[in-house]
Amino acid sequence: MKLSQFKFKLPESQVALEPPHRAFTNEDGTVEKVYHRDECRLMVLHRKSQTIDMFEKDEEGKDTDQFLTFRRLIDYFDEGDVLILNDTKVFPARLFGTKEKTDAKIEVFLLRELNEELRLWDVLVEPARKIRIGNKLFFDEEGPMVAEVIDNTTSRGRTLRFLYDCPHDEFKRELFSLGSAPLPRYIIDRREPSPDDMENFQTIYARHEGAVTAPASGLHFSRELLKRLEIRGVNFSFITVHCGLGCFDPIEVEDLTKHKMSSEQMIVGSEACEIANQAKASGHRVCAVGVSTMRATETAVGTDGMLKEFDGWTNKFIFPPYEFGLADSLIANFYHSESTMVMATAAFGGYDLVMEAYKKALDNGYMFGCYGDAMLILDD
């Protein structure tokens, strides 16, 4: 397929800058927000019948004027079904420092630690033209956090060596205390990060630190919804995919077969395999929560359609047409135009059905992006 087939006009007003919430004004005039991550809208696509559900039903089974919310996810799963969840944990990767001598303000985006002993980190810097090998960056006027640029990796990429002599755990705590939630550019360019973002931009089941962007489709799950699913008999298979920035890389070729995805580290353990494979073998639903999860399971699935243990990296790029090996249902967000995520969603749900859903979403005010609304694709 071609890049231009995934182009659509997204109004800025339909890009979610925060999760669903209710705002209250206190007596002193301050505004307090209470977030309800499972109150986003839910659109349900049925692959075989080629139908789309957007509204609650009345007693006669007819559409009401009330949109489905994510809390109704529980209605589509039964005992023995499995949700495959990505339990990666986002760390506060966005820092701001000053360049020695000039005091120029520099944004440093941490990507991954290269060497624990030497305090080496792979980072992106902005503006990159000001940062050269040998430059030093200061991150805290009253503290000792200093880094030296020791290599150029890409046009914006650099290798930093942090000059901080202390135990590694203390260094990480100090470094992360200076950072903020690594919100996508489309949010950061329109508002300042808030203290709430580090919690909101994290799934409630996050366990293994290493992601620099959230597995967005998992952000909709509240503790209450997970508990209700558990009581219903739905099982959870946890894998780890340390989400990187590759999903935000612009595609610069019209022919999608020529695009190369950046790699992401992923781990699929034996327990995750056992839970997912048992559900599939017994004819129950296996649902991948998010495109990152789906890319990982398609990397680790065997020719027999069963999930295999895996510990390594994946650069799998999924776009139509694609034959899936494991999951028969998918939870996704509504993504930006020409993004790799909308392409993967279209590969799973079918191009025509998914693009029809996107048109309905645009026409009905659905919110897009990591804090936006959700889509459930079922094989029925």
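Colleague: In which loop does R119 lie?
Modeller: R119 has a positive phi of about 60° although it is not a glycine. With a relative accessible area of 9%, R119 is buried (buried is under 20% relative accessible area, exposed over 50%, partly exposed in between, with a 1.4 Å probe and protein chains only). Elements are DSSP runs numbered from the N terminus, with helices being H or I of at least four residues and strands E of at least two. In that numbering, R119 lies in the loop between β10 and β11.

Colleague: What kind of model is this?
Modeller: Residues are numbered from 1 along each chain as its sequence is written, and side-chain values use heavy atoms, with hydrogens and water left out. Local features need pLDDT of at least 70, side-chain atom pairs count only at pLDDT 80 or more, and totals for chains, interfaces and linings use all residues; this is a predicted model.

Colleague: E338 also has a positive phi although it is not a glycine; is E338 buried or partly exposed?
Modeller: The phi of E338 is about 60°. E338 has its place in the loop between β20 and α7. At a relative accessible area of 27%, E338 is partly exposed.

Colleague: Which residues does I251 touch, not counting residues up to four places away in sequence?
Modeller: I251 is in the loop between β16 and β17, and at 11% relative accessibility it counts as buried. T340 is 89 residues away in sequence, but its C-alpha is 8.0 Å from that of I251. With contact meaning heavy atoms within 4.5 Å, I251 touches L3, L256, H259, F317, E338, T340 and M343.

Colleague: Why are the buried residues of α4 on the same side?
Modeller: Helix α4 spans residues 223-232, and its buried residues are L225, L226 and L229. They lie on the same side of α4 because the arc they cover around the axis is only 100° (the arc is that of the directions from the helix axis to the C-beta atoms). An α-helix has 3.6 residues a turn, so residues three or four places apart point the same way. The value asked for is thus an arc of only 100°.

Colleague: Which exposed residues are on the face of α4 turned away from its buried side?
Modeller: The buried residues of α4 are covered by elements that include β7 (82-86) and β16 (235-242). After α4 comes G233, with a positive phi near 100°. The face of α4 turned away from the buried side carries the exposed residues R223, E224 and I231.

Colleague: Which element gives the most to the lining of the largest pocket?
Modeller: A pocket is found on a 1 Å grid over the protein atoms alone, as an open set of points where a 1.4 Å probe fits, with protein on both sides within 12 Å along at least five of seven lines; lining residues have an atom within 4 Å of a point. The largest pocket is lined by 39 residues, with L111, L124, V212, G244 and L245 nearest its centre. Elements that each supply at least two lining residues include α1 (168-177), α2 (185-188) and β17 (264-268). With five residues, the element that gives the most is β10.

Colleague: What is the volume of the largest pocket?
Modeller: The lining of this pocket divides into 16 nonpolar, 12 polar and 11 charged residues (Ala, Val, Leu, Ile, Met, Phe, Trp, Tyr, Cys and Pro count as nonpolar, Asp, Glu, Lys and Arg as charged, and the others, Gly among them, as polar). A volume is the space filled by probe spheres set on the grid points, which are joined across faces, edges and corners. For the largest pocket the volume is about 1100 Å³.

Colleague: How many disulfides does the structure hold?
Modeller: A disulfide is counted where a pair of cysteine sulfur atoms is within 2.5 Å. C287 is in no disulfide, and its nearest cysteine sulfur, that of C40, is 14 Å away. C287 counts as buried at 0% relative accessibility. The number of disulfides is zero.

Colleague: Where is the residue whose peptide bond from P320 is cis?
Modeller: The peptide bond from P320 to P321 is cis, with omega near -10°. Another cis bond runs from E126 to P127, with omega near 0°, and P127 is in the loop between β11 and β12 (136-138). P321 lies in the loop between β19 (310-314) and β20 (329-333).
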